[in-house]
Amino acid sequence: MIGRDTSVRTDDQHPLPCFGAGFHKIRGLSAFAQTPQDAANRMRARCQSVIASQQRGISESGCVPFGRLRVLKHSSQSSAFPVFLERAGGRNELRDDRLTKQSVLAELARIALQTRDIHILLQRVIALCARGLDAPFATAMEFMTADQRLLVRAGHGWPGSIKQVAFVVDSRSSAGRAFETGDVIISNRASLDGRFETPQLPVDRSIKRSISVRIERGGQGGGYFGVLQVGSPDPGRFDEADAAFLTRAADIVGIAIERLHEEARLRETLDHQAMLTREMSHRVKNSLASVVAMLRVQAFGAGSVEAKQALGEAGSRVAAIAQVHDHLSRASRIGSIDVDVFLTDFCKRLQLVAGAHVLRCDADPIRLPADLAVPLGLLINELVSNAVKHAYPGQDGPIDISARDVGGCLQLSVADQGVGLPAGFDIDQTRTSLGFRMINGMVQQLHGCLKVSANQPTGTRVLFELPIVHQAAAGAPAEPITAEASSEDPTLLAPSRGQSNV
């Protein structure tokens, strides 16, 4: 009677036959077992031969070393008893190996999502790959199109630095063949593997086996980045499970590399846009400076005092806008302004036209959309100019400009210690001066509120309030100034000092 020919897989997925009474064959060994005990004895003898072959570091023709083998059990009461063979502790080792590989792949995924530097990414990846395959050496190579070479970008376990070491991409090296074909290349006996020429670097470290996998970039662009390679001087073997693990690791790395490249391209685009924005603001500032120069020349040749004064005030307003664009061109961020920095720079320019009046500036760190910079700058220019002209008749004095964040609201204050408000001053009184219309227009454009009160102990205080949270959330461009802005909201009025026209 012919016994059952059942196969049981070991850790390395090579089948081992199980035998009962009858005719059996083990890798070229044929026997006719008369009794179960005779079959068991023959099996034990064959196992001892395999163990001896492995200990000598060699394998019989067509036979793969299975590790330490043992007979699990047998039953002498069965005419066709089963004999089970497996590696001693093989199930526990297999489970631990799988858990290690799963843990490493999870860590690789986390690093791929969090790392922003490709060199740090590659260094961490090869260290984890070496751990996952229980090997001391690992390298990550990038394909250089210019000279058709694989350039080492990161190394693990090698003495010193091996960066800038390059390998020719051809089929004579395991890494080169992996990159050319996309296959997983396993070389378990490097010194005897006639397929490849081992580079000097692995030879110096007595590398006996290696496994190489191509890194393919993720995303729509596709393409190939390079090769992941893991090597060991130990006489063990890399198998299909190791190939599957390193392939998954290379897939994760490829997606992470493509993400980093896309982020780099996006940063370049944003930097270019920022440069264009700054260049635009700089050119606007230069153009407005030319306009200011022409207004001053025209004012110098004007025939009347009124014309000179009007042209001078127009030039001052244009210069204020130019100052705003100059600040925007030098700002650290595009799309927003820091009120404290903006106000400090703006007051330095105003000090040049304030004469002997001392401008004192103090502001909290507040961020506003850049669209509000021009109307806010014009409003400050008009309020300070009004104080310079009318707060201290015939003398000089201090003018305080402050910006505070009070309960999510910007409170911009311009205060003096001068003559104060005239008797019977009414903020609701309609005025037709250009300065008043400018102030009223800026207040409406900024969607704020203007209040005028007596300062303590003397003088006048003008307070402008603007909701910061609303402006930051909206982020919409401010409405343009129109000639009719001053008549749309009669409650938002600008102050007048004495009998002057603002």
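Which residues is I401 in contact with, leaving aside its neighbours within four places in sequence? I looked this up first, counting a contact as heavy atoms within 4.5 Å. I found L343, C347, L359, R360, C361, D362, V384, L412, S413 and V414 around I401.

**Ground rules.** I noted that this is a predicted model, where local features need pLDDT of at least 70, side-chain atom pairs count only at pLDDT 80 or more, and totals for chains, interfaces and linings use all residues. Residues are numbered from 1 along each chain as its sequence is written, and side-chain values use heavy atoms, with hydrogens and water left out.

**Overview.** I counted 12 helices and 19 strands in the protein; helices (H or I, at least four residues) and strands (E, at least two) are DSSP runs, numbered from the N terminus. Of the 502 residues, 43% count as buried. Buried means under 20% relative accessible area, exposed over 50%, and partly exposed in between, with a 1.4 Å probe and protein chains only. Among contacts with a separation of 6 or more, 63% come from residues 24 or more positions apart.

**Cores.** I then went back to I401, which belongs to the largest nonpolar core. Such a core is a set of buried Ala, Val, Leu, Ile, Met, Phe, Trp, Tyr and Cys residues joined through side-chain atoms within 4.5 Å.

**Helix α8.** Next I followed residues 339-353, the 15 residues of α8. From first C-alpha to last, α8 reaches 21 Å, close to the 21 Å expected at 1.5 Å a residue; the expected span is 1.5 Å times one less than the number of residues. Which residues of α8 are buried? My list reads V339, F342, L343, D345, F346, C347, R349 and L350. An α-helix has 3.6 residues a turn, so residues three or four places apart point the same way. After α8 comes G355, with a positive phi near 70°.

**One serine.** I picked S281 in helix α6 (residues 240-300). Is S281 buried or exposed? S281 counts as buried because its relative accessible area is 5%. Beyond its neighbours within four places in sequence, S281 is in contact with H325, L328 and S329.

**Spaces inside.** On a 1 Å grid over the protein atoms alone, a cavity is a set of points where a 1.4 Å probe fits but cannot get out, while a pocket is an open set with protein on both sides within 12 Å along at least five of seven lines; lining residues have an atom within 4 Å of a point. I found 3 cavities of 30 Å³ or more.

Of its 29 lining residues, G312, S316, V353, N381 and S385 are the closest to its centre. Here α7 gives the most, with 12 residues.

Key: Points joined across faces, edges and corners; volume = space filled by probe spheres on them.
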